Amino acid sequence: MAGAKLTPSPSEIDPDVKTEAPKTPEEPTWVNPSKPIRTMGSFGSDAGQRYQEEYSMDSTNAQVQVEFYVNENTFKERLKLFFIKNQRSSLRIRLFNFSLKLLTCALYVIRVALDDPEQVTGVCVNCQNRTSTATAESTEITEINWELIFWVNRRVPVWAIQVTVALISFLEAMLLTYLSYKGNIWEQMFQISFILEMINTVPFIITIFWPPLRNIFIPVFLNCWLAKCALENMINDLHRAIQRTHSAMFNQVLILICTLLCLVFTGACGIQHLERAGKNLTLFNSLYFCIVTFSTVGYGDVTPHIWPSQLLVVILICVALVVLPLQFEELAYLWMERQKSGGNYSRHRAQTEKHAVLCVSSLKIDLLMDFLNEFYAHPRLQDYYVVILCPTEMDIQVRRILQIPLWSQRVIYLQGSALKDTDLMRAKMDDAEACFILSSRNEVDRTAADHQTILRAWAVKDFAPNCPLYVQILKPENKFHVKFADHVVCEEEFKYAMLALNCVCPATSTLVTLLVHTSRGQEGQLSPEQWQRTYGRCSGNEVYHIRLCDSKFFGEYDGKSFTYASFHAHKKYGVCLIGVKREDNKSILLNPGPRHIMSAPDTCYYINITKEENSSFIFKQEEKDKKGLPVTGLYDAPSRLPVHSIIASMGTVAMDLQNPADPPEDCSKLTLPTENGAGSRRPSIAPVLEIADSSSILPCDLLSDQSEDETNHSDEEGSSVSDFVKGYPPNSPYIGSSPTLCHLLPQKASFCCLRLDKGCRHNSFEDAKAYGFKNKLIIVSAETAGNGLYNFIVPLRAYYRPRKELNPIVLLLDYPPDNHFLEAICCFPMVYFMGGTIDNLDNLLQCGIIYADNLVVVDKESTMSAEEDYMADAKTIVNVQTMFRLFPSLSIITELTHPSNMRFMQFRAKDCYSLALSKLEKIERDKGSNLAFMFRLPFAAGRVFSISMLDTLLYQSFVKDYMIPIARLLLGLDTTPGSGYLCAMKVTEEDLWIRTYGRLFQKLCSSSAEIPIGIYRTESHMFSSSESQVSINVENTGGDDQRSNRRESWKEKTAQRNSTTSDQSEHPLLRKKSLQWARRLSRKNTKPPSRTERISQQRLNLYRRSERQELSELVKNRMKHLGLPTVGYEDVANLTASDVMNRVNLGYLQDEMNDHQNSLSYVLINPPPDTMLELNDIVYIIRSDPLAGPDVPEDAAQGQSSGGGQTRQDFGTETRDETHL
């Protein structure tokens, strides 16, 4: 590089050359006249000259002439640049030097092959030939002919070539020594390479001037060591020249191999030459002896006979004992380091194979297995390789997993950073099919973890702009930094939206988790329990897509309405059409309603066990044609499909086609018509129209709700509700939040009014009781009021939620929120906050927990990391268990860090049924199931959730790029115009006349254009400990069918009895029901319990009663101390029968009076059409957007028959009353 100096450099300027000052007298400057003056910038231009003339007369602005000395201008530096510094020229020089050394070794071998010891002559003995003859009889050589050692027979052409090569080598060695001279000549002269060069070149040069020495022996074979050094330097220059990283492992192996070859070659040549004075071994025999000796075999058939050769063998063995262990040690060290760092992913493999890169800050075994199981669950990804790029050393458990042959052939671990281009080059990021960048959610500072993720995403985008990015972010405020990524999943957005929907649509977290996991629906199929088989089979449903013109499922519905296509596809094939996307529109629409007409280019999104491409179709008509039977019936359903074992018959979804123009008076109601109640004919359901009639579509909920509020201004109950307005929230807490039409306050509430436990000048309320809320509370316990908590409020205040059903929201925060967050939530109605924790009973009572219907416990950031794995949830689990004992009627929804800890939720040590389910989970895990935890009762009931379960959503996006938009639409994170939303309705006793899920599908499609996608079912089971243990044992299935039949008949009777007593509210009925359950349990047990068992059971009941009474007194005393009324508190002993059944239906209450009774709640995704409806089933439905289509004209509605119009209006009102949102 050029260096700038104010004065001439003494090392660069010749002192003998005189310097003279420039002609300008005012500015004396010393320059070197032997070199041209090089000025900086634009001093040589006209502007520079003008600048110099302007300031040349100013003494205060004295100009200093700057001269740049370039070191490469000297002859020595130019030679150094060519021979040493320049990578490409240096590589050529070293290659030439390596070739010369190999040539000298080859000439030595040629000289040995042409040598004849009998013709050797020496000048020192006056040309007297002394030949050494060896006869076969002689067995020992006692004399050494030294002339044969010092003199050889060298032919003139060989000598000439060797002299030429020696001259070239000598000149090159001297030139390199001169160029690398640094002031110490002795350091250069005593280098081993220089000494070897002199030994092998100087004697040949001497023979030019002294011909008698032409036959003197010169150990030219020592040039092999110089060739070894030249090869090492050449490899280094080669990698520098082509600008590619090289493997230290490769270099070390090369050095080791070269060292072994040099030792063998040196030993073979040396022994052969010394044995010329002895037994006269050939070069091949000497090589054979060295190989046998260095391999420690030692046959003994070839041995040196004179002491010089024996001494050489001893020296070589000592050198090998010193050099080789050092080489092997270095090789072993590099091997261990390579195992830690992972090596490289070769460019050839990257160009011929497909691979995806996983970038993480720390790799845990759970994260790795979730990714691998989900990634390789898709058939088209079986040939992909996964390259893991992680800055930390590989964990022991991870190393053990990656050594399994299943993963060792497909997973490559590289230790490195995504911020280094060298590491990205090692992972061949520019050739990768995808890059997954995951955040470390176990970090205490989640913002810092997001910052690291953002930098990784930027680095990958900078290095490989065309590589698709799949980024996981934790905080929503950091999402806009990675907006350029192809797919982004914000953890807190999905988490809070899912927890919010869990409060209004039970087990939404379980529903979404099952949808985003890849499964074949084989879980639990060997279990004798019917609910486990049904639940496991329905869990295999996933979301798929196909173009309408290419589909067998939906191709026949071109030109039909969306609702018509969805119903008939479910009836005929068992698939659930949930959404569609136009070819000219990038937005996915969930249930666009009957006004949407299907067209051939549309992309259909449906829920099914498998995608249509993997399905086979065998129709009844084809079977009848084969058998020669007549084809009858208007609807011919498939007889066998891989998606369902049984498809509904004509009677399952019966439609009254005899007189469709004159339907019964109440045909559009879910309730059973009175005139058909005693008849033999089943009530009919209106058909689903191919093309929607605007007069047949119900008025949208938004308009009807608004008109209802406007007509009830005088009503006292509706006066507070009518104050709400619909609009978009004026303040968003972060950039990138999707605007959602919500219920808002006419004017923003003051920050002081948002505090629940403290009064202000606007109101004096200090507890939840004083507010007098009409609906139950929803309490959220969180550590801080993060921006993600905003997504908990928005779905619960969306415009499609009926105003009268809005639940007050109370935020129980460990730390007070900042003004920025309060500014964002002050526009929402009935949203409050207070400081406190869930482990403080006083805080729970003050926030109104006894008036709450749902308590959401959010995982705290400060407890996400623990010294021992899986202990991060310890505090949360114990606190939730305490609340479960204090408030057993409360619905508690808990978020955990580790999904495996869900088995401790509401833990009861003596619950044999739950313990038996643990065995089933182990069996499913051994079978390789990705959803082994699905049979845990808390997860199946939707009472526990872990955000790590949604990691598969990002992994699935690599194959299904529509999964993230669909999940956001389902959870209400995005609101696309024309797209529906997820809600739920409850099946009451009056709705059981529909009987099957297929008929319910038809009823909802024909009346309100709603698409059901699943059922949340609750069953009450009663097992003895022995039965519960046997029922889960999938290996012993003898006699299980008979027991399951008895159990199913008992469940039907229990459901009927529950339905008849659900409207009662007296405590004696509860005890009577418990006695009936106990009586039925005693009938089921063939062997009556012994007296000892009865006494122990009574003692246990007494103990539990006393425990409940003690807990009840504790709560009441704390309420009295806080000045709160105790009227609202109800313990288990004071619960009414209806409250108990409501809690049991939601799966939150287990009767502690009887250890053997359990309530099971689980989700059935897209059940078969012939699935029987049960009382208190909660149906998940996708309701069309009320703002999607035009309003129904009033004159069109009045032009219809009065009976039909009244029927539809009545149904709309009743639907709103019966729908539990």
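Serine 781 is buried, with a relative accessible area of 0% (buried means under 20% relative accessible area, with a 1.4 Å probe and protein chains only). This is a predicted model, in which local features need pLDDT of at least 70 and side-chain atom pairs count only at pLDDT 80 or more, while totals for chains, interfaces and linings use all residues. Residues are numbered from 1 along each chain as its sequence is written, and side-chain values use heavy atoms, with hydrogens and water left out.

**Surroundings of serine 781**
- Serine 781 lies in strand 17, residues 777-782 (strands are DSSP runs of E with at least two residues, and helices are runs of H or I with at least four, numbered from the N terminus).
- Leaving aside residues up to four places away in sequence, serine 781 touches Leu812, Ile838, Val856, Val857 and Val858, where contact means heavy atoms within 4.5 Å.

**Helix 5 with helix 7**
- Helix 5 (residues 156-179) packs against helix 7 (residues 192-209) at an angle of about 130°, with their axes 8 Å apart; axes are lines fitted to C-alpha atoms over the stretch in contact, and angles run from 0 to 180 degrees between N-to-C directions.
- Helix 5 and helix 7 are therefore oblique to each other, as angles under 35 degrees count as roughly parallel, over 145 as roughly antiparallel, 65 to 115 as roughly perpendicular and the rest as oblique.

**Helix 2 with helix 5**
- Helix 2 (residues 75-85) and helix 5 pack at an angle of about 115°, and their axes are 10 Å apart.
- In this contact, Lys76, Leu79, Lys80, Phe83 and Ile84 of helix 2 meet Leu175, Leu176, Tyr178 and Leu179 of helix 5.

Note on methods:
Buried means under 20% relative accessible area, exposed over 50%, partly exposed in between (1.4 Å probe, protein chains only).
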